[in-house]
Amino acid sequence: MTLWSVIGSGVAGLAVASELVARGARVQVFDPGGAPGPHGCSWWAGGMLAPWCEFENAEEPVLRLGQSAIDWWADRTPVQRRGTIVVANTRDLPDLRRFARRTTGFVDIDRGIITELEPDMGSFGKGLFFEHEAHLDPRQALQDLSRQLKEKGVEFHQKLAPAQLENAIDCRGLHAREVLHDLRGVKGEMLVVRCPDVTLTRPVRLLHPRMPLYIVPRGDGIYMLGATMIESEDSSRITARSMLELLSAAYSVNPAFGEAEVLEIGVDLRPAFPDNLPRIRRLGRTIYANGLYRHGYLLAPALAQGVADLALENKHSEMVDEDRA
Amino acid sequence: MKAFYGTTLPNPLMLGTAQYPSPTILEQAFRASGAGVATVSLRREGAGGTGQTFWAMIRDLGVQILPNTAGCHTIKEAVTTAQMAREVFDTTWIKLELIGHTDSLQPDVFQLVEAARILTEDGFQVFPYTTEDLIVGERLLEAGCEVLMPWGAPIGSGRGLNNKYALRAMRAEFPDVPLVIDAGIGLPSHAAHAMELGYDAVLLNTAVARAGDPIEMAQAMALAVQAGQLARQADPIEPRDMAEASTPVVGKAFLS
């Protein structure tokens with residue numbers, strides 16, 4: 001029986017491994033960084049499963065392929081199916097109207113419904129509620145996947161993959177750019193704060209022409225604030241401006257965020273192809289699965305299914321753009 | 001069409017490169033519009049400097065690149081950003097943007113004039129983002145600018161030409177200076193209007209990048225500037241208060 005070697009244990013690698021194992025394949029995983037952690041960009045993700053919202057600024061496959069992600073994840077890790085609330089401050093209401101025009105799957109909500117859903121969002125008179133969306137805790141999800149894989153006998157090697165591997169599946173994100181020359185990094189910056197004074201139970205998106213924000217609750221008064229999108233490949237530090245903008249946007253959702261403790265600052269690069277859609281490529285004996293951009297958790301299941309289709313059944317899903325086996 | 005620092009552009013549309021859904025769509029918007037100039041910002045994207053794939057993509061568009069100092073609030077920031085832009089894109093062109101007001105992103109025209117002087121002396125060819133103020137325009141020309149770029153309306157507002165009277169006056173005041181409407185364009189009709197007023201080019205970003213279909217909107221903008229330019233060349237009629245029959249009848253033997 002073929003032994004598949006998944007290289008990289010970020011969300012792409014672990015999802016691929018999980019899908020292969022679910023279909024009865026034998027898998028091993030290589031990652032010199034070891035267990036899922038801050039060395040991979042999926043550690044810093046928001047974990048929103050929000051295909052309807054993302055469609056505002058993404059191509060059609062994100063909406064279609066993203067919808068199946070919620071059930072895929074729910075089989076593997078706790079998923080909160082509580083929807084997403086989208087709001088804008090009064091002066092930015094044109095942005096809310098535009099967002100509504102370009103998306104589907106929501107209902108209009110007024111102050112009464114907003115405060116019924118989230119009592120701590122009383123300052124907003126208008127919003128949109130995407131009731132079918134969901135969210136998960138990305139770190140928990142990565143840990144759950146690797147635990148489940150280990151339970152099923154998958155070996156994790158904390159080292160670089162050997163050079164001449166047969167049946168390799170390269171899920172290294174931006175590290176694969178020496179082979180995938182059309183891959184680029186898109187800088188993202190995020191914060192994790194503790195703010196027990198504010199209770200939000202579902203992701204909130206605040207629209208703004210220059211500094212859009214999302215807040216994802218992680219439970220116990222902990223929130224992820226994210227994320228900037230900058231066409232830069234410098235992942236060294238957050239800038240003061242980004243931090244100011246993230247915090248002031250959160251402050252405008254509820255001023256109690258002004259008293260939040262800043263627990264973490266995350267900076268990393270999202271791997272992206274020119275159209276910001278993921279790709280599967282078979283080059284020689286290696287299958288490359290990459291380019292999840294800002295849709296790591298949303299599109300990893302579809303990517304993993306596409307890889308499994310190609311590896312196990314030689315079927316080409318729509319994500320396969322090159323096959324030179 | 002007037003030349004910009006000696007360069008004649010293939011058409012009068014200049015497009016920004018920020019906020020597109022993806023680099024692929026950005027590229028298609030440029031192809032669909034035939035825009036001859038791409039503006040690109042460095043202030044926020046530039047930290048760390050080298051290896052910028054996105055910038056390489058902009059270079060690959062094969063159009064004239066006009067780096068900008070968007071996001072700069074002081075002369076020092078703007079000068080440093082311009083110098084970096086010259087290195088990165090190997091061009092002396094710089095769109096000088098010096099923001100004076102956080103909410104309206106209105107230019108700080110006092111710092112603008114000073115920064116224009118410093119950059120011109122340093123060998124730059126400066127495209128200053130300014131207001132429609134004639135005296136500021138004069139000072140910018142004295143500082144060495146050979147192009148002026150007055151706003152139509154605040155950046156990203158999509159309100160069109162807020163002060164047509166002053167923009168017309170500016171055209172009349174500086175008949176030989178290449179003038180570009182920069183910022184505030186929301187619709188093709190705004191862009192056409194700018195060209196009808198006799199402006200030499202239109203620079204816009206948000207109206208295309210944030211449209212539901214940026215490629216179609218880029219095409220629409222290209223058609224609009226072309227229409228406006230043709231109309232200007234064709235010497236339009238003057239508006240009148242009363243109807244004017246196109247075929248005069250009085251005195252003609254129309255009953256015979």
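Buried residues make up 60% of the 325 residues in chain A, where buried means under 20% relative accessible area, exposed means over 50%, and partly exposed covers what lies in between, with a 1.4 Å probe and protein chains only. Before I go on, this is a predicted model, in which local features need pLDDT of at least 70 and side-chain atom pairs count only at pLDDT 80 or more, while totals for chains, interfaces and linings use all residues. Residues are numbered from 1 along each chain as its sequence is written, chains are lettered from A and ligands numbered from 1 in the order in which they are written, and side-chain values use heavy atoms, with hydrogens and water left out.

Let me stay with chain A as a whole. Its radius of gyration is 20 Å, which agrees with the value near 20 Å that a compact globule of 325 residues would have; that radius is taken over C-alpha atoms, and the globule rule is 2.2 Å times the number of residues to the power 0.38. Along the principal axes, the C-alpha trace of chain A spans about 60 × 35 × 35 Å. If we take the contacts in chain A with a separation of 6 or more, 75% of them are between residues 24 or more positions apart, a contact being heavy atoms within 4.5 Å.

The accessible surface of chain A comes to about 13400 Å², and 50% of it belongs to carbon and sulfur atoms; these areas come from the Shrake-Rupley method with a 1.4 Å probe, and for residues only the protein chains shown count as cover. As for charge, chain A has 37 positive and 43 negative charges, whose mean positions are 2 Å apart. Here Lys and Arg count as positive and Asp and Glu as negative, with His and the chain ends not counted, and the place of a charge is NZ of Lys, CZ of Arg, CG of Asp or CD of Glu.

Now to the secondary structure, which in chain A comes to 9 helices and 18 strands, these being DSSP runs numbered from the N terminus, with helices (H or I) of at least four residues and strands (E) of at least two. Strands of a sheet pair through backbone hydrogen bonds, either parallel or antiparallel, and two strands are said to pair if DSSP finds at least two bridges between them.

I would like to look at strand β13 of chain A, residues 213-219, in which 5 of the 7 residues are buried, so the strand is largely enclosed by the rest of the structure. On one hand, β13(A) is joined by 3 bridges to the antiparallel strand β12(A), residues 204-207, with A:L206 standing opposite A:L213, and the hairpin between β12(A) and β13(A) passes through 5 residues. On the other hand, 5 bridges join β13(A) to the antiparallel strand β14(A), residues 222-226, where A:M224 is the bridge partner of A:V216.

What does A:D220 do in the hairpin of β13(A) and β14(A)? That hairpin has 2 residues between the strands, and A:D220 takes a positive phi near 55° there, a positive value in a residue other than glycine. At 77% relative accessibility, A:D220 counts as exposed.

Finally, chain B. B:L167 lies in helix α6(B), residues 164-173, and is buried, with a relative accessible area of 0%. Leaving aside neighbours within four places in sequence, B:L167 is in contact with residues including B:W151, B:I181 and B:Y199.

B:N205, in the loop between β8 (201-204) and α8 (206-209) of chain B, is also buried, at 18%. Beyond its neighbours within four places in sequence, B:N205 is in contact with B:G16, B:T17, B:A18 and B:Y20. B:Q19, in the loop between β1 (13-16) and α1 (23-33) of chain B, has a positive phi near 70° and is partly exposed, with a relative accessible area of 36%.
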